[in-house]
Amino acid sequence: MKGSARGSAVSSSLPRVVAASLIGTTIEWYDYFLYGTAAALVFGKLFFPNTDPLTGTLLSFLTYAIGFAARPVGALVFGHFGDRVGRKKLLVVSLLLMGGSTTAIGLLPTYDSVGVAAPVLLTALRLVQGFALGGEWGGAVLLVSEHGDQRRRGFWASWPQGGAPAGNLLAAGVLSLMTAVQSESAFLAWGWRVPFLLSAVLVGVGMWIRLAVDESPLFRRALAARQGRTEEKPPLVGVLRHHWREVLVAMGARMAENISYYVMTTFVLTYAVTHAHFDKQSALNAVLIASAIQFALIPLFGALSDRVGRKPVYLVGAAGVGVWAFVFFGMVDTGSFGALVLAVSVGLVFHSAMYAPQAAFFSELFATRMRYSGASIGAQFASVAAGAPAPLIATALLKDYGSATPISVYVAIAAALTVLAVLCGRETRGQDLAEVEERSAEGQPVDGGAVGKPAVT
């Protein structure tokens with residue numbers, strides 16, 4: 001029943017919750033993308049110096065990919081406790097873990113100082129980053145989704161998604177500034193550490209804002225409803241029993257979104273510098289400009305999904321990125337800075353069409369008592385197969401074939417998988433989150449057993 005009082009009434013604190021989620025996710029993604037950017041530009045030289053440049057970058061991206069392995073673990077742990085004790089508490093923990101590990105990376109000795117211990121320590125801290133991010137995403141988007149109403153959920157829930165381009169913008173911007181004001185030798189000696197150490201300051205700001213927000217009203221009602229129950233099954237059990245179809249849809253929907261993003265924002269730094277002969281500054285500036293454009297576009301695509309549906313917007317993004325992959329590298333190969341900026345920007349426009357409605361789409365698939373677990377599992381387990389190996393696979397394909405065409409084919413295959421998954425999913429626009437709770441409370445599938453059946457509005 002659309003607009004019911006027991007649904008997701010708009011909270012008076014919604015703008016504050018949105019701001020807290022956006023700032024928190026920006027800081028988390030800044031930390032995470034900072035590693036990826038540094039892996040593309042400097043870690044190969046500092047932690048794997050006894051290899052040729054492309055192999056060093058490949059090994060550096062391997063440590064980058066390892067961090068993704070911890071994200072499903074983070075999704076399971078944070079999802080479980082987030083569905084048991086609340087979204088807000090777990091978001092505070094994730095921010096502290098991410099900020100602490102990122103700051104520690106800035107203090108690490110390099111290979112020249114301690115030998116093989118350096119990449120081992122780097123990998124360990126990357127695992128902590130992955131664990132923290134695995135829990136961050138689900139909590140941040142759910143906190144907003146569960147405060148807002150179904151009519152504009154796509155718009156409001158898309159704001160935490162803006163933390164990804166904002167974090168990438170901040171990471172690329174800080175590194176770009178450091179490379180602009182320093183010589184190559186100074187940057188490799190100590191300048192690369194400054195952006196990582198800056199994380200300690202950002203985390204302090206994020207904690208101050210995040211502690212001020214209220215817990216999700218839907219979660220508080222769900223918590224009160226289960227008081228007195230003697231046998232409450234773990235949220236993971238409920239997800240696998242009642243929502244396995246939705247988990248598969250979410251995982252499939254993430255393939256093109258995740259792979260295209262890391263190819264077009266992280267791998268492109270390596271490709272532009274080593275293959276298309278751009279300088280580091282130009283490559284960073286191109287990603288910086290494109291990320292700024294994406295940040296502005298995400299809420300617009302979120303609002304569009306409230307008008308036409310989550311699936312149509314998502315499908316345009318997936319199909320578009322699959323086609324654009326074949327144009328993307330050709331534009332980079334021209335050696336023109338304008339063409340590089342346009343290539344990355346258009347790629348991120350299509351990515352935004354997938355990423356913006358994703359928060360609301362995934363939130364509307366699961367019941368409140370297992371929503372943190374369901375959304376996090378669907379999103380983060382896919383990242384192991386998608387985002388984790390994307391720069392690694394792209395670098396290996398370039399090394400083996402000396403051409404970007406196999407990389408374009410790789411992105412196109414991912415796009416086809418996402419189109420198929422989204423077509424198999426149900427449209428969730430206008431879904432009352434309280435109805436999802438009621439219809440799944442006794443084990444009834446939220447869609448009546450048919451994955452393709454539209455949500456009740």
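Ser-21 touches Ala-140, Leu-143, Val-144, Pro-160 and Arg-210, leaving aside residues up to four places away in sequence; contact means heavy atoms within 4.5 Å. The model is predicted: local features need pLDDT of at least 70, side-chain atom pairs count only at pLDDT 80 or more, and totals for chains, interfaces and linings use all residues. Residues are numbered from 1 along each chain as its sequence is written, and side-chain values use heavy atoms, without hydrogens and water.

Ser-21 lies in helix 1 (residues 14-47). Helices are DSSP runs of H or I with at least four residues, strands runs of E with at least two, numbered from the N terminus. Ser-21 is buried, at a relative accessible area of 1%; buried means under 20% (1.4 Å probe, protein chains only). Gly-206 is 185 residues from Ser-21 in sequence, yet their C-alpha atoms are 9.2 Å apart.

The axes of helix 5 (residues 117-145) and helix 6 (residues 153-161) come within 8 Å and cross at roughly 150°. Axes are lines fitted to C-alpha atoms over the stretch in contact, with angles from 0 to 180 degrees between N-to-C directions. Helix 5 is therefore roughly antiparallel to helix 6, a term for angles over 145 degrees. Helix 5 contributes Trp-137, Ala-140, Val-141, Val-144 and Ser-145 to the contact; helix 6 contributes Arg-153, Trp-156, Ala-157, Pro-160 and Gln-161.

The protein chain has 20 helices and 0 strands. Of its 457 residues, 63% are buried. Among contacts with a separation of 6 or more, 87% join residues 24 or more positions apart.

Definitions and conventions:
Buried < 20%, exposed > 50% of the residue type's maximum accessible area, 1.4 Å probe, protein only. Parallel < 35°, antiparallel > 145°, perpendicular 65-115°, else oblique.
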